[in-house]
Structures are given as C-alpha cells and as structure tokens.
Amino acid sequence: KIFQAVVSCVGNDGTIYIIPKSFETALNKLMAEIQNTFKGLGLLIPYCWKKGEACVVRGSDTVWYRAKIIEVSGSILQVQYIDRGYIESIPQCHLYPTTFYTGIPPFCIPCQLYKTLPIGNFWQQDAVDYLQELLRNEEVEIHVEELPDNPWGKMSISLYFGGMSLSSFMAYQKYCVAEGGQDIQKLGVFEGDLSPSYLLQPLPVPGEVFPVTVTHVVSPKEIYICFDSSGSLTKHSATERAASCDSESLNKALKWCNKIVKTLPHLTNFKKELPCLAEYVDGLWYRAKLLSITQLVPVQILVQFVDYGTYLVAPSSRLRHIPYPLLKYPVQAVRVLLAGFRPASDDKNVERIPYSPEWSLKALWAMLDCVEGKNLSASILTLSPEVTISLYGDDKNLVHLKLIEMGLAELDE
C-alpha cells in the first residue's frame, strides 16, 4: 500500500510517527470535539495517576490533546500524545483523566525504516536530530513493506521525500546501512560513464491555442515560455495537464532539495550540458545545466536554469550534484522564436542588445512590458528547425503589434 502522510514526530529512538493524509478530516473533527468538551485548566485536586492511564493534556499551545501516562514521577508526569507520537514531561495541573474517546484508535502510526540498520544497532542522537529537522511536519510518501506482529508494534515502511528514499539518503549520510543498497547510487553522485540529462517537455499540437507564461526574454524575437495551467482558457490539453502535474511535483522535490542541499557534494566535473543544482541570487537552489567556463582563476561557470531559461555566471561553490529523482521531470521552460515580425530597418535607437545587435534595447524593454505579468496564450506554427509560435496578449492580439506601432519592429510575412 502506498499513501501520503505527514510526519508528526520522530522519537528519541528513531521511531517515525506518521498521520496518513486520509485521517486528517477525522482527526480535525475529534480535536474540535475535545476542545468543546474540555475548557479551562486541568485537574487541580490531588489524583493518583497510573502508568498507561488515558487522559487529555493541555499543550503549550493551550490546545487539549489525547494522551496516555508513560511514567509517574511525583508531581511531574511523562505523557505521550497518542495522536502525535511525541513524549513530554508535564505538571499534573495540565492533565485531566478521562475515559472519553478511548474507543477511537490513535491517528498516528509508529513506523521504522524497512531493512535499515542504524550504525551501532540504534539511532545515534545526531541521526535522530537530523531526522527530526528533516521530516517533522512534512508531507511524505509511505510504502508499507511489513505490518507489525501486534497492533501496538511498529510498521515497517519505505519513506520517500521529493522522490528520494529516506533509507538511501541516511545511508549516504553514513547514519545507517540500507540492506540491498536500494537506490543509493541515484542520490546525485554521478561519476564515471554516467551522463545524466534532462527530459524535454512534450509540446502541444501545432495550431492549438494554449495559455503560457514567459519566463525569460533573450530578445524581442527569442523567449522562453512555460505552459500555464492556471490560464483562463477553459479547455486544457493533456499536455498542459501533464505539465501542471510535473510542475507541482517538481516544486515539492526542489523544496526538499533546498532542505538537504548542504549534504550534496560540490561539482568537480564541468562537462558541457551537465545537469546540476545551482544557487540563484535569491539564495534558493534550482535545476540548471552547465554551458561554459567563463574564467579559470577563480573558476566562474555560465549556467542556465532549465525551468526558466535564465542565465547566471556562478563560482563552483554555488553548484552541486543533482539528486537523481530531479531528472525525471521534463524541463519546464521551452525556447521559442516569435513569428510575424523583424527589427525595424529605420530604428535609429543607438543602444543595441550586445549579443543581438539587430535589436535596440528600447525594443527589448517594450517586449518585456508586453509579456510581464500578462495572461498570454500561444499557438505553435513550426516545430523545426526551431519551435516558432504566435504569441497573444491579454486582449487576444499578437504581442508584437505593439512594437510595430512604436516603430521598433516591422511586419515580416
């Protein structure tokens, strides 16, 4: 069985407590009922607590939770939140004994990683700290491998975050040994003959109109587009729906990668077109590919962010190996040429685009104004030798008509 779950807690012994997403509605309903039933403070009169006794606990957030007594030690009691998994020491005045809700099974499930042996036969404190930091309150994918012998035992699972196996990742970090190796070689350390590459985005059928977002403008004629599933066109093609699903999954995977990026090795191979992770100016890491070495001392490398089309010259310290699962998503940005116009032969503007001098900088700014933040749509005219499109603005008119109106371009039949 495979399902999505949220990790509520990682115990000090490395037990991973999960709440299946399918349980969330029922858990929220129970929590609302508990808040309505119990108000104010806990039990203020003396009471003889017993180990294993059911109770409700007023947490530090002033919310009441179901719990059970783990240990009695004077006026301080150790309790476990049965729907969350975590254990806490709490003064008696924040507890209330109850037999309410004892017929409802706990919503969180204690789990252990399948065929995963911690170094030293138990999870070391630094490994537990790392698991807590990585997983707590995060949504993950659970593959059930073995059910426990008794209902209170731990379920054996394979856990995946952003498409990566947790067992393999922790083994890669030298916290444990994953029996069978699983997919440890796919964690992003590409060596030897392996030549990873990105998948290309499938394109809509020529002639079909589809919503797009412009992610990068190279020149008025050359741009990068992404398929926009949030567009106002009512009927989305299979290509757009697939692109939307890919984009959402990719964003989740990238969020995880940003969390673990410091554990990924720096690039040492600077082969052209090699996929990698690169740090952008916003401090976040994105999928990229190497284009060229622009400077040897210190090393500076030109990379292109494949999901946007933008370029960056970066030192090698801002480039890292890309985890294997990130290669399964097609590149989101597609390079296209716009049809129907060419640079104006009488454009007297002196300032030109250095890498495309047939165009003036004024024409570039005008094109940016036409596409930035606009609801655009496009249709493909040709697929080869270059992908050529007609691009339409909010008003359903061709965007280049504005440049022609301004005298910055002319019609090209």
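**Group meeting: rings and a sheet**

In this predicted model, I start with arginine 136: its charged end sits over the ring of tyrosine 86, 5.3 Å from the ring's centre. A second case is lysine 221, which lies over the face of phenylalanine 341, at 4.8 Å from the ring centre.

Next, rings with rings. The structure holds 18 aromatic pairs. One of them joins tyrosine 280 and phenylalanine 305. A pair of aromatic rings is described by the distance of the centres and the angle of the planes. For tyrosine 280 and phenylalanine 305 these are 5.3 Å and 80°, and the pair is edge-to-face. Where do the two residues of this pair lie in the chain? Tyrosine 280 is in the loop between strand E16 (275-279) and strand E17 (285-295), while phenylalanine 305 belongs to strand E18 (residues 300-305). They are 25 residues apart, so the pair links distant parts of the chain. Is phenylalanine 305 buried or exposed? It is buried, because its relative accessible area is 1%, under the 20% limit. Tyrosine 280 has 30% relative accessibility, so it counts as partly exposed.

Ring pairs also link Phe38, Trp64, Tyr96, Phe100 and Tyr101 into a cluster. Tyrosine 96 brings us to the sheet: in E7, it is the bridge partner of valine 56. Strand E3 (residues 54-58) and E7 pair in the antiparallel sense over 3 bridges.

The sheet itself is open, with 5 strands in the order E6-E5-E4-E3-E7 and antiparallel pairing. Its edge strands, E6 (87-91) and E7 (95-97), each pair on one side only. From one strand to the next, the twist averages 45°. Helix H1 (residues 24-37) packs on the sheet, where it touches E3 and strand E4 (64-73). The direction of H1 makes about 75° with that of E4.

Conventions. Residues are numbered from 1 along each chain as its sequence is written. This is a predicted model: local features need pLDDT of at least 70, side-chain atom pairs count only at pLDDT 80 or more; totals for chains, interfaces and linings use all residues. Side-chain values use heavy atoms; hydrogens and water are left out. Two strands pair if DSSP finds at least two bridges between them. Helices (H or I, at least four residues) and strands (E, at least two) are DSSP runs, numbered from the N terminus. Axes are lines fitted to C-alpha atoms, for helices over the stretch in contact, and angles run from 0 to 180 degrees between N-to-C directions. Contact means heavy atoms within 4.5 Å. Rings of Phe, Tyr and Trp (its six-membered ring) pair if their centres lie within 6.5 Å; planes under 30 degrees apart count as stacked, over 60 as edge-to-face and the rest as tilted. Buried means under 20% relative accessible area, exposed over 50%, partly exposed in between (1.4 Å probe, protein chains only). A charge sits over a ring if NZ of Lys or CZ of Arg is within 6 Å of the ring centre and within 35 degrees of the ring normal.
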